[in-house]
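I opened the model today and kept notes as I went. Each entry is one thing I looked up.

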Amino acid sequence: MAERVGPLRPVTPPFVVAQPQGVSVRTRLKGLTSRDEEVLRRVGAHLGSLAGRDLAVRCADGLAHTPQRWAERKRNLTGQSSSRWAGAITKATHDQWALSRRSQAAHLTGLDAAIDTIGRRLALPLGEKGNKRAPGGYRSRSEWFAKSRRLAVLKERRQKVAADFAAGRVRVVRGGRALARTRHHLREAGLTAERWRKRWQAARWFLSADGESGKRYGNETLRITPDGQLSLKLPAPLTGLANAPHGRYVLAAKVSFAHRGGEWADRVEADRAVAYRLHLDADRGRWYVDASWQRPPVQILPLEAARSAGVVAVDTNADHLAAWRLDVHGNPIGTPERFDYDLSGTSQHRDAQVRHALTRLLHYTRRSGARAIAIEDLDFTEATTREKHGRNRRFRQVISGIPTSRLKARLVSMAAEHDLAVVAVDAAYTSVWGAQHWQRPTSTPTRKTTRHEAASIVIGRRALGHGARRRTAPPPHHRSDGAGHRTAQAERRVPGREGTRPTRKAAQTRSAQPPGA
């Protein structure tokens with residue numbers, strides 16, 4: 001093993017991840033008539049045009065926007081829709097503008113990191129080797145020249161983005177910038193102009209309303225009764241389409257939420273706030289409704305209680321999860337498990353693969369008797385840039401392929417439903433120390449422990465408060481266990497519990513060797 005340059009960075013202590021407070025469920029609207037679909041299209045298009053104009057006004061205001069200006073925008077929209085529709089549109093506009101501002105700040109951070117990395121590499125001699133902490137110099141004069149040109153481009157780009165950020169200018173595409181760019185590459189996307197137009201129009205519609213506690217069934221604008229009847233408040237110009245009193249339109253479809261349906265029913269019967277969003281899948285011609293609400297904050301389970309029954313440690317990789325059950329002393333129990341997933345293909349396929357892998361992991365955890373799952377607190381935001389790893393495109397693709405934030409968010413949400421805690425640990429040196437201290441001792445003649453499985457042991461031990469090595473420090477007065485058994489290591493009856501000592505190949509004695517030895 002190569003010597004490590006410089007001191008080791010400190011390892012942050014583990015912590016229990018807080019459970020999510022938001023809930024969202026989706027179901028399909030079945031049994032819609034042609035009249036229902038026509039009304040939904042007209043309402044969505046009308047409110048979408050209002051949302052587009054309001055977003056343009058908000059972006060033009062920039063940093064000079066005030067609460068008085070917000071009230072003025074809402075008054076201008078109320079006459080063309082309703083007071084509640086206007087409130088939903090202005091709030092969605094504000095959230096979209098704030099998201100764009102955060103994206104600008106993140107973009108500036110990425111540009112600064114790339115500029116700093118290129119500048120440092122340009123200052124190094126050609127061919128100088130790098131290390132794990134910092135890349136080395138460029139390999140050739142031509143590459144050095146190309147990177148100097150790129151540095152100039154990045155500096156110019158940063159100057160423009162910084163000017164927009166300082167002035168409060170954001171650039172938002174209603175319907176999505178990716179879909180807008182697809183219009184110029186229909187053949188590569190496998191779309192026709194008509195199909196793209198349907199997608200574009202559906203993406204720009206606005207059919208969402210926030211809930212209101214104390215109002216009937218938790219929402220006055222989009223209302224779903226406990227028996228599944230869906231009705232919406234029509235905007236002022238479209239009240240002639242109403243088929244119910246007070247300018248409302250009742251759809252023929254019946255809504256039923258299979259997932260968390262009981263929790264949703266309890267909320268609407270108690271008139272607690274529930275937000276709804278209607279949207280159309282233009283390719284399949286299907287309408288869906290999303291229901292979302294907030295849960296009261298739950299007290300975080302103490303760390304000692306979470307690891308009282310051991311943990312299931314998980315090492316996250318680009319194509320699988322390596323899991324191993326550890327007892328309270330930090331010893332691996334049984335054999336490791338591997339949960340594969342394929343992150344190629346569409347976003348829906350990738351999301352389904354992550355969900356299926358996490359479902360198998362949760363079932364395995366419940367069967368094992370553990371109350372917590374230990375996972376690395378990964379963040380590859382800076383490591384994914386191509387400037388840090390240079391020509392190592394394969395390594396960049398591996399890092400980018402690991403679903404860090406998406407997997408962690410889904411795991412926390414799904415684990416809460418199974419009454420399991422998630423313990424996040426520092427990811428420093430888990431693979432290195434796992435291979436050094438655990439890969440060989442846990443291997444057998446018939447099965448070799450992989451580097452990822454060994455890393456999961458270090459992750460679990462770190463979550464349990466133990467060190468990476470199997471043995472603990474000896475008692476202070478002598479080298480034996482006279483002061484009592486060291487509970488951080490293996491049980492007394494476990495063979496080879498003394499840890500990672502190298503195994504002697506043959507007994508060494510001072511007696512003479514037998515003839516022919």
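**Entry: helix α14**

I asked which residues of helix α14 (residues 430–437) are buried. I found Thr-430, Val-432, Gly-434 and His-437. I keep in mind that this is a predicted model. Next I asked what the buried residues of α14 pack against. They pack against β12 (372–376) and α15 (451–463).

I then looked at α14 and α15 as a pair. Their axes come within 7 Å and cross at roughly 105°. An angle from 65 to 115 degrees counts as roughly perpendicular, and that makes α14 roughly perpendicular to α15. On the α14 side, I listed Thr-430, Ser-431, Val-432, Trp-433, Gly-434 and Ala-435 in the contact. On the α15 side, I listed Arg-451, Ala-454, Ala-455, Val-458, Ile-459 and Arg-462. I sorted the residues of this contact by class and got 7 nonpolar, 3 polar and 2 charged. Thr-430, Val-432 and Gly-434 are buried, and they also take part in the contact with α15.

**Entry: α1 and α2**

I moved to helix α1 (residues 34–61) and helix α2 (residues 67–78). How do their axes cross, and at what angle? They come within 11 Å and cross at roughly 160°. Angles over 145 degrees count as roughly antiparallel, so α1 and α2 are roughly antiparallel to each other. The crossing of α1 and α2 is right-handed.

I noted who meets whom. From α1 come Leu-50, Asp-54, Val-57, Arg-58 and Asp-61. From α2 come Arg-69, Arg-73 and Leu-77. By class, I have 3 nonpolar, no polar and 5 charged residues in this contact.

**Entry: α2 and α3**

I stayed with α2 and turned to helix α3 (residues 83–123). The axes of α2 and α3 come within 8 Å and cross at roughly 135°. That makes α2 oblique to α3. I checked the hand of the crossing of α2 and α3, and it is right-handed.

In α2, the contact residues are Trp-70, Arg-73, Lys-74, Leu-77 and Thr-78. In α3, they are Ser-83, Ala-86, Gly-87, Ile-89, Thr-90, Lys-91, Thr-93 and His-94. By class, I got 4 nonpolar, 6 polar and 3 charged residues. I saw that Arg-73 and Leu-77 of α2 meet α1, and that Arg-73 and Leu-77 also meet α3.

**Entry: Leu-234**

Where does Leu-234 sit? I found Leu-234 in the loop between β5 (229–233) and β6 (248–254). Is Leu-234 buried or exposed? Its relative accessible area is 1%, so Leu-234 is buried.

I listed what Leu-234 touches, leaving out residues up to four places away in sequence. The list is Val-39, Val-43, Trp-85, Thr-239, Leu-241, Ala-242, Gly-247 and Tyr-249. I also checked Leu-234 against Ser-82. They are 152 residues apart in sequence and 8.2 Å apart in space, C-alpha to C-alpha.

**Entry: His-320**

I picked His-320, which is found in strand β10 (residues 320–326). Its relative accessibility is 5%, so His-320 counts as buried. The side chain of His-320 makes a polar contact with the side chain of Asp-319, at 2.8 Å. Leaving out residues up to four places away in sequence, His-320 touches Asp-315, Arg-338, Phe-339, Asp-340, Tyr-341 and His-452.

**Entry: two positive phi values**

Most residues other than glycine have a negative phi. I noted Asp-271, which is not a glycine and has a positive phi of about 55°. I placed Asp-271 in the loop between α8 (261–269) and β7 (275–281). At 28% relative accessibility, Asp-271 counts as partly exposed.

I noted Asp-419 too, with a positive phi near 60°. Asp-419 lies in the loop between α13 (404–417) and β13 (421–425). Its relative accessible area is 66%, so Asp-419 is exposed.

**Entry: the whole chain**

I finished with totals. How many helices and strands does the protein chain have? I counted 15 helices and 13 strands. Of the 517 residues of the chain, 39% count as buried.

How values were computed. Residues numbered from 1 in each chain as written. Predicted model: local features only at pLDDT ≥ 70, side-chain atom pairs only at ≥ 80, totals over all residues. Heavy atoms only, no water. Axes fitted to C-alpha atoms, helices over the stretch in contact; angles between N-to-C directions. Helix = DSSP H or I, 4+ residues; strand = E, 2+ residues; numbered from the N terminus. Parallel < 35°, antiparallel > 145°, perpendicular 65-115°, else oblique. Left-handed = near helix turned anticlockwise from the far one by under 90°. Contact = heavy atoms within 4.5 Å. Nonpolar A, V, L, I, M, F, W, Y, C, P; charged D, E, K, R; others polar. Buried < 20%, exposed > 50% of the residue type's maximum accessible area, 1.4 Å probe, protein only. Polar contact = N/O pair within 3.5 Å; in protein donor to acceptor, adjacent residues only side chain to side chain.
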